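Please keep the sequence and the model side by side while you go through this note.

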Amino acid sequence: MAPVSLRIHAIAYGADDVLLFDLRSPEATGLAPFDAGAHIDLRLPRGITRSYSLLNDPAERHRYVIGVKREPDSRGGSAWLHGDARVGALLDVDGPRNSFALNESAPHSVFIAGGIGITPLWSMAQRLEHLGRGWTLHYRARSRRRAALVGELAAHAARVQLSFRDEGDAPLDLGRIVAQAPEGAHFYCCGPVPMLESFEAACAGLDPARVHLEYFAAKDAPATEGGFVVHLARSGRTIPIQPGCTVLDALQAAGVAVPSSCQQGVCGVCETAVLGGEPDHRDLVLSAQERAANRTMMICCSGSKTPALTLDI
Ligand code: FES
């Protein structure tokens with residue numbers, strides 16, 4: 001689907017090194033609706049596409065709001081948004097799409113946020129407030145000054161546990177949080193990889209349908225071993241994948257246009273249907289069942305266990 005052109009209506013301070021971008025239609029028309037947990041993809045200059053979670057209330061139809069953390073090792077996304085983006089500029093935006101959906105019928109929802117991972121969880125909390133459903137939030141950050149949305153959360157203090165490293169607060173005890181949650185609660189986590197791994201361990205004994213998480217960065221290194229070929233079913237071309245290249249790298253070098261965003265296996269933009277061969281999955285998008293089915297793969301990071309893959313490209 002073609003992107004929509006949205007204007008940067010406002011840029012606000014969210015926390016140290018975090019800016020909040022309010023994006024609206026230049027014609028002041030309504031935007032496509034979104035569900036809590038959804039994200040949009042921004043097409044930025046120099047061919048960069050980046051995904052950002054929507055943090056505003058899904059009941060809002062006139063704007064999308066995202067929080068962007070300045071990443072010291074930014075490959076261009078957060079660096080451009082922090083350094084070059086200006087109010088009034090137009091951005092091409094894809095989505096919204098949702099790979100971190102909220103179960104709105106759960107009897108209770110427990111949110112665990114690390115740093116900028118608060119953004120989709122705050123959108124979910126606002127949605128549950130409208131629905132009158134119970135929720136609690138546990139939010140860990142390096143410091144209060146670097147924690148976005150603490151002002152908004154202050155209105156829900158009874159539901160929120162804040163934990164700041166520079167104030168000497170102990171790390172979140174995820175095992176205790178899970179054990180003490182109300183019967184039937186669903187659990188959501190978004191934050192850095194170590195927190196997500198602890199979360200997965202704490203939830204290991206639960207029904208997977210009650211456990212939801214979203215990675216912002218990859219856990220595994222991308223598959224760059226090469227040594228296989230990719231057959232493109234639609235064009236009939238065969239592309240060799242050399243050592244040091246991902247499938248995405250090789251396709252782009254061969255002039256094959258394929259969508260991508262994070263290039264770390266976390267956003268799902270490059271998901272491609274697999275028609276033959278067995279992928280070596282390295283992403284964080286597919287579930288264990290989806291990986292086993294081998295119907296799709298993330299070509300930015302996953303490789304092949306077989307000498308050839310056939311992709312629906
Ligand atoms: S580009 Fe994000 S998963 Fe591949």
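**Notes on the predicted model**

1. The chain is divided into three parts, namely domain 1 (4-97), domain 2 (108-215) and domain 3 (228-311), with bounds that come from an automatic or database domain assignment. This is a predicted model, in which local features need pLDDT of at least 70 and side-chain atom pairs count only at pLDDT 80 or more, while totals for chains, interfaces and linings use all residues. Residues are numbered from 1 along each chain as its sequence is written.

2. Taken over C-alpha atoms, the centres of domain 1 and domain 2 are separated by 23 Å. The contact between them takes 16 residues from domain 1 and 13 residues from domain 2, where two residues are in contact if their C-beta atoms, placed from the backbone, lie within 7 Å. On the side of domain 1 that touches domain 2, the elements giving two or more residues are strand E1 (4-15) and strand E5 (64-69); helices (H or I, at least four residues) and strands (E, at least two) are DSSP runs, numbered from the N terminus. By class, this side of domain 1 has 7 nonpolar, 5 polar and 4 charged residues, with Ala, Val, Leu, Ile, Met, Phe, Trp, Tyr, Cys and Pro counted as nonpolar, Asp, Glu, Lys and Arg as charged, and the others, Gly among them, as polar.

3. The chain contains 7 helices and 18 strands. Its radius of gyration is 20 Å, close to the 20 Å that the globule rule gives for 313 residues, so the chain is as compact as a globular protein of that length; the radius is taken over C-alpha atoms, and the rule is 2.2 Å times the number of residues to the power 0.38. Along its principal axes, the C-alpha trace spans about 60 × 50 × 35 Å. Among contacts between residues at least 6 apart in sequence, 64% join residues at least 24 apart.

4. Buried residues make up 39% of the 313 residues in the chain. A residue is buried if 20 or more other C-beta atoms lie within 10 Å of its own, exposed if 12 or fewer, and partly exposed in between, with C-beta atoms placed from the backbone. The largest nonpolar core has 75 residues, of which Ile-66, Phe-111, Ile-112 and Leu-121 touch the most other members; such a core is a set of buried Ala, Val, Leu, Ile, Met, Phe, Trp, Tyr and Cys residues joined through C-beta atoms within 7 Å. The largest share of this core, 5 residues, comes from helix H2 (residues 118-131). Leaving aside residues up to four places away in sequence, Ile-66 touches Phe-21, Ile-40, Tyr-52, Ser-53, Leu-54 and Leu-55.

5. Is helix H2 mostly covered or mostly uncovered? H2 is mostly covered, since 10 of its 14 residues are buried, and among them are Leu-121, Trp-122 and Met-124. From its first C-alpha to its last, H2 reaches 20 Å, close to the 20 Å expected at 1.5 Å a residue, the expected span being 1.5 Å times one less than the number of residues. Just after H2, Gly-132 takes a positive phi of about 75 degrees.

6. Two residues in the loop between strand E6 (90-97) and strand E7 (108-114) can be examined together, Ala-106 and Ser-99. Ala-106 is buried, with 21 other C-beta atoms within 10 Å, whereas Ser-99 is partly exposed, with 15. Not counting residues up to four places away in sequence, Ala-106 touches Gly-184, Ala-185 and His-186, while Ser-99 touches Gly-268 and Val-285.

7. Some backbone angles deserve a careful look. A cis peptide bond, with omega about 10 degrees, joins Gly-95 and Pro-96, and Pro-96 has its place in strand E6. Ala-28, a residue other than glycine, has a positive phi near 60 degrees; Ala-28 lies in the loop between strand E2 (18-24) and strand E3 (39-44) and counts as exposed, with 9 C-beta neighbours inside 10 Å. Asn-294 is not a glycine either, although its phi is positive at about 55 degrees. Asn-294 is found in the loop between helix H7 (288-293) and strand E16 (296-298), and with 16 C-beta neighbours inside 10 Å it counts as partly exposed.
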